[in-house]
Amino acid sequence: MIGFLTSRDTRPPCIPKEIGFHQAFAQLPATLPSWLTQEDVNYYVEKLNKTGFTGGLNYYRNMDKNWELTAPFSGCKIQVPTKFVVGELDLTYHIPGIKEYIHNGGFKKEVPSLEEVVVMEGAAHFINQEKPDEINAHIYDFIQKF
């Protein structure tokens, strides 16, 4: 799991059925990134050994139901001031068409009060852990306007 959390590969994960998710990401990287300590790893291992990772995966298993439940909000726009921050190495940022959507006006149509898009260099999906000081500064600066 830690291998998945620390990945900097922006390609969609391709996991052979014979190996499975757990084995594919069971290996720790040779060295942990600066934002992830051995103490953190031990904590996650302890918690996941008790509960598993089913909850995290159930969101994706339930995708059809999620669409059904959110159908009444289809076409609604987010009308509050918004700042969007994403890691340049976040796998979701590299889904085909996402960058164009975010940067070429599609996102702004859905979020008319979008004030700023920030792409954080060198960060992936866990930007709050990877770059906590920068994230805190972005949040602080944004809320200072209100």
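Modeller: The ring cluster and the charged pairs

Ring pairs link Phe 84, Tyr 101 and Phe 107 into a cluster. Rings of Phe, Tyr and Trp (its six-membered ring) pair if their centres lie within 6.5 Å; planes under 30 degrees apart are stacked, over 60 edge-to-face, the rest tilted. This is a predicted model, where local features need pLDDT of at least 70, side-chain atom pairs count only at pLDDT 80 or more, and totals for chains, interfaces and linings use all residues. Residues are numbered from 1 along each chain as its sequence is written, and side-chain values use heavy atoms, without hydrogens and water.

The structure holds 5 aromatic pairs. One of them joins Tyr 43 and Tyr 44: centres 5.9 Å apart, planes at 70°, so edge-to-face. Tyr 43 is partly exposed at 46% relative accessibility. Buried means under 20% relative accessible area, exposed over 50%, partly exposed in between (1.4 Å probe, protein chains only). Tyr 44 is partly exposed too, at 26%. In the pair of Tyr 101 and Phe 107, the centres lie 5.8 Å apart and the planes at 45°, so this pair is tilted. Phe 107 is buried at 13%, whereas Tyr 101 is partly exposed at 34%.

Now the charges. There are 5 salt bridges (a side-chain nitrogen of Lys or Arg within 4 Å of a carboxyl oxygen of Asp or Glu). Among them, Glu 116 meets Lys 83 at 3.4 Å, N to O. Glu 116 sits in strand S2 (residues 114–120) and Lys 83 in strand S1 (residues 82–87), so the bridge ties together parts 33 residues apart in sequence. Strands (E, at least two residues) are DSSP runs, numbered from the N terminus.

Key
Helix = DSSP H or I, 4+ residues; strand = E, 2+ residues; numbered from the N terminus.
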